[in-house]
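Here are some notes to read beside the structure. Please keep the model open and find each residue as it comes up.

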Amino acid sequence: MRNDAVATAHNILTHDLLYRLGLAADLVSVICYVGVTAFLYALLRPAGRSASLLAAFFSLAGCTIMAGNLINHIAPLILLGNAPYLTPFNAAQLQALAMLFLKLQSYGYVIATMFFGLYCFTLGWLIVHARFMPRILGVLLAIGGLCYLANGAAAFLAPAVATQISAYLTAPPGIAEIALALWLSVVGVNSAKWKAQAGQPGG
């Protein structure tokens with residue numbers, strides 16, 4: 001069960017390698033996203049230098065929170081690892097603490113996605129004002145960013161409601177991000193218009 005500390009601890013210990021791979025995947029994703037942030041900053045700077053810098057700030061803030069939040073991911077492994085210094089705690093206490101850190105991890109993830117929501121919204125604004133990419137991508141990203149923010153607000157202000165609407169609020173950002181990645185990978189930007197906008201004052 002989702003809130004069963006005993007079952008959760010058992011699953012973590014039984015699938016130790018899988019759990020560690022999840023931690024490694026999160027770390028790799030954060031590192032890659034820093035690179036994506038730098039790339040999109042340089043790409044969209046002609047559409048607005050200050051807005052592009054602000055977007056990069058939001059993204060790096062989210063990456064920092066995600067990276068710090070990995071401590072909450074690894075804490076259950078330490079608590080359930082039978083280290084000698086943990087002997088003052090009984091098994092039930094350690095299992096409860098492991099569950100606590102997993103709950104903290106989930107909230108840390110929500111906080112990070114709210115910064116990514118601000119990032120997506122600002123990217124959307126930049127793309128709408130760029131002349132070298134389709135505006136529909138910017139509109140989709142802006143909507144996705146607002147959905148991230150709404151999902152985060154619901155998680156903190158109305159958790160019961162958040163569990164019911166989370167799937168609906170996380171779908172639009174996913175669609176927008178996939179659309180942007182596919183467009184850049186397959187079509188790319190209009191290089192002539194990019195150079196023209198980059199050559200303008202403030203670009």
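Predicted model: local features only at pLDDT ≥ 70, side-chain atom pairs only at ≥ 80, totals over all residues.

Which residues form one aromatic cluster? They are Y33, F116 and Y119.

1. Aromatic pairs. The search of the whole structure gives four aromatic pairs. In one of them, Y33 and Y119 sit edge-to-face, with 6.1 Å from centre to centre and 70° between the planes. Y33 belongs to helix 2 and Y119 to helix 4, and the two are 86 residues apart, so this pair links distant parts of the chain. Y119 is buried, at 1% relative accessibility, while Y33 is partly exposed, with a relative accessible area of 25%.

2. A tilted pair. The ring centres of Y107 and F156 are 5.5 Å apart and the planes are at 35°, so this pair counts as tilted. Y107 is in helix 4 and F156 in helix 5, so the pair ties together parts of the chain that are 49 residues apart in sequence. Both residues are partly exposed: Y107 has 37% relative accessibility, and F156 has 40%.

3. Helix 2, its length. Helix 2 covers residues 16-44.

4. Helix 2, its buried side. The buried residues of this helix are Y19, L23, V30, T37, L40, L43 and L44. An α-helix has 3.6 residues a turn, so residues three or four places apart point the same way. The cover over the buried residues of helix 2 includes helix 1 (5-14), helix 3, helix 4, helix 6 (159-187) and helix 7 (191-198).

5. The salt bridge. How many salt bridges does a search of the whole structure find? It finds one. The side chains of D16 and R20 form this bridge, at 2.9 Å from N to O. Both residues are in helix 2, four residues apart, which is about one turn of the helix. D16 is partly exposed, at 26% relative accessible area, and R20 is partly exposed too, at 42%.

6. The largest nonpolar core. This core has 20 residues, and the members that touch the most others are L44, L123, L126, I127, M133 and L141. At least two residues each come from helix 2, helix 3, helix 4, helix 5 (135-157) and helix 6. Helix 4 gives the most, with five residues. In soluble globular proteins, nonpolar side chains tend to be buried together. As for L126, leaving aside residues up to four places away in sequence, its contacts are L44, A47, G48, A51, S52 and A55.

7. Cysteines. How many disulfides are there by the rule used here? The count is zero. The cysteine sulfur nearest to that of C32 belongs to C63 and is 10 Å away. A disulfide needs the two sulfur atoms within 2.5 Å, so C32 is in no disulfide. C63 is likewise in no disulfide, with the sulfur of C32 as its nearest, at 10 Å. Is each cysteine buried or exposed, or in between? C32 is partly exposed, with a relative accessible area of 46%, whereas C63 is buried, at 4%.

8. A positive phi. N82 has phi near 60°, a positive value in a residue other than glycine. Where is N82 placed? It is in the loop between helix 3 (49-79) and helix 4 (91-129). N82 is exposed, with a relative accessible area of 71%.

9. A198 is found in helix 7 and is partly exposed, at 25% relative accessibility. The C-alpha atoms of A198 and L44 are 9.2 Å apart in space, although the two residues are 154 residues apart in sequence.

Terms used
Residues numbered from 1 in each chain as written. Heavy atoms only, no water. Salt bridge = Lys/Arg side-chain N within 4 Å of Asp/Glu carboxyl O. Buried < 20%, exposed > 50% of the residue type's maximum accessible area, 1.4 Å probe, protein only. Contact = heavy atoms within 4.5 Å. Core = buried A, V, L, I, M, F, W, Y, C linked by side-chain atoms within 4.5 Å. Phe/Tyr/Trp six-rings, centres within 6.5 Å; stacked < 30°, edge-to-face > 60°.
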